[in-house]
Amino acid sequence: MNLHEFQARELFRDAGMPVPRGRVAITPGEAGAIAADMGGAAVVKAQVHSGGRGKAGGVKLAGTPEEAEAHARAILGMTIRGLTVHKVLLVPVENIASERYVGILVDRAVQAPLFMVSREGGVDIEEVAATNPSAINRLRVDPRFGLLPHQAYRLGSALFDAPSLARQCATVLSQLYQVFMKNGASLCEVNPLIATAAGEVKAIDAKVTIEENELFRRPALESLRDLDAEPNAETHARAAGLSFVKLDGNVGCCVNGAGLAMATMDLVKYYGGDPANFLDIGGSSSPDKVVAALEIITADPNVQVILFNIFGGITRCDDVARGIVEATRRADIRAPILIRLTGTNEAEARDILAAEGFSAFTSMDDVVRAAVERAAA
Amino acid sequence: MSIFVDESTRVVVQGITGRDGSFHTARMIEYGTRVVAGVTPGKGGRVVEGPGGARVPVFDTMNEAVAESGANASAIYVPPPFAASAIMEAAESGVEFVVCITEGVPVLDMTRAYAFVADHGARLLGPNCPGVISPGKATVGIISGDIVTPGPVGVVSRSGTLTYEAVGQLTGAGIGQTTCVGIGGDPIIGTTFIDCLKAFAEDGETRAVVMIGEIGGTDEQEAAEYAGRSLDLPVVGFIAGQTAPPGRRMGHAGAIISGSSGTAEEKIRAFRENGIGVARRPIDIVHLTREALR
């Protein structure tokens, strides 16, 4: 789950990190008033779950409240990488002497939290990693001991020459590690971490991604989820316990298991079709989940055909069949439903479907080919 | 032969009295797996009855269960909040092989459990995995015996149902397996593709390996390089998620393209560069495996 910058900044401030206070506006007028409160000048920043905000024109320096209002008018409602901006954050203007990058993530290769820091701050870190990998310092943290003080100082010294700045930076890194662990994050990033002309280290940007598997024991963080930033269907799917990602095609897919769901989408593409979604109904699927899945798929007006691909294991084919029958009784589903099922309780499932006039394929290849043909017709 | 589990494996089930634990205990016993003990804290002294008159004693702790039963492997079906602790308890009890089926284990918990298991010298499979089956010998986890048959092919996969799909097609085509391993879809997992390739190489009877990967991370790329450099077995590869958009988690916690890294293209390229035949459709896995066995 991605947090907005203004939310991430609050987590950073709670941990004692030097983050200048900002305020959020949802109208240009509010933005102007906030800038006036701040003494006139402010940086106006789009709040959207996407990198590259600066390049897209989503971050602007305002010298006066009128300018802040004008910038907010331009930024609010703009689209950055497909996402609409609904809020702007106003923060004080800083006198920047140098910019650095600091980040921590769960690294799969080292199976532990990994710090990545670089003197190349304020730019896209992926680009630095690709073009100048030696400019990035890495440190694997043993999660049983945490970030040790000498390790924090070593990273701080790698980023700043002046001992005072290195020490301040080391403190920031320790605080960042606390934020990371306390909130169950998969990524915490400050880009840039700056030194001001007055010799202060400050975090003037904030990015935090919360690991979904950590949310159950941090219910307060769930309330930070921005439901405007995701399609309604994904919100509904999560409530129903389904894993769903909206795509642009017209073949609605309903599959058990994430790997098989991806392979099904790929096969749709292979045969010249386009999947409308990723949808995993999960392992122990009840008929209710199948009904919810069909509601979500049919709510997408692009969907021309609905494709079920079920390999029963823990998932019982008869549960899926009951769900399909129930959903078609509740609502008039226009799109044809093509079903493949095999595995646990397959025979019962076929009987249930046959009684309602459905037939079912046994092969994944056959059902996908048939679905693509129907979608194109 | 087979890898990781066989007829001599003695399994203790952690979470044996739970819904999933009891269900799969019965399935494992039915398949012939030696389930010698169960653990549920607070329920020690009970007996879980299984098919064929099996009686599995339940203990409060792993230490007791292992001491009493001589178990050398564990299968974990406990809910996510307690899974990492169950993994560490298993490693501490001295079992050599720990299979964690649980989906949704907090990743930061796993970073600690991973280090703990490594210190105790145990092998962890998973979490968020279907487990492992050696056809005709034993199944530890949730893979159904109905879809496998003994034979010369090793199968290793990050996914559950996609593994069933591939194995079911192999079996349907008359191509049997030595062992099928699901390594799990999480970012932090115990046993990796490379570990499985090495084990299959040391297994005298495996003549080809099917490796089923998906988007996210670099485990497949590293395994491909290892295979190209030092594996004597032919490998058939498949990667799921060619149509997945970047930055979105596709069900599995680990199935996400981060920036430009972890894409299906990148993995397929690594496979090809290292002499691994790539199946574009699941059905092609069968064709390529048949060729590899020639």
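## Helix α9 of chain A

The expected span of a helix is 1.5 Å times one less than its number of residues. Helices here are DSSP runs of H or I with at least four residues, numbered from the N terminus. This is a predicted model, in which local features need pLDDT of at least 70, side-chain atom pairs count only at pLDDT 80 or more, and totals for chains, interfaces and linings use all residues. Residues are numbered from 1 along each chain as its sequence is written, and chains are lettered from A in the order in which they are written.

Helix α9(A) covers residues 258-270, and its 13 residues should span 18 Å, which agrees with the 18 Å between its end C-alpha atoms. Eleven of the 13 residues are buried (20 or more other C-beta atoms, placed from the backbone, lie within 10 Å of the residue's own). Among them are L260(A), M262(A) and D266(A). After α9(A) comes G272(A), with a positive phi near 95 degrees.

## Nonpolar cores

A nonpolar core is a set of buried Ala, Val, Leu, Ile, Met, Phe, Trp, Tyr and Cys residues joined through C-beta atoms within 7 Å. The largest has 167 residues, and those touching the most other members are L279(A), L307(A), V12(B), I76(B), I87(B) and V98(B). Helix α9(A) supplies the largest share of this core, eight residues. Another core, of 61 residues, lies apart from it and includes L155(A) and F160(A).

Leaving aside neighbours within four places in sequence, I87(B) is in contact (C-beta atoms, placed from the backbone, within 7 Å) with I76(B), V98(B), C100(B), A113(B), V117(B) and L124(B).

Methods: Helices (H or I, at least four residues) and strands (E, at least two) are DSSP runs, numbered from the N terminus. A residue is buried if 20 or more other C-beta atoms lie within 10 Å of its own, exposed if 12 or fewer, and partly exposed in between; C-beta atoms are placed from the backbone. Two residues are in contact if their C-beta atoms, placed from the backbone, lie within 7 Å.
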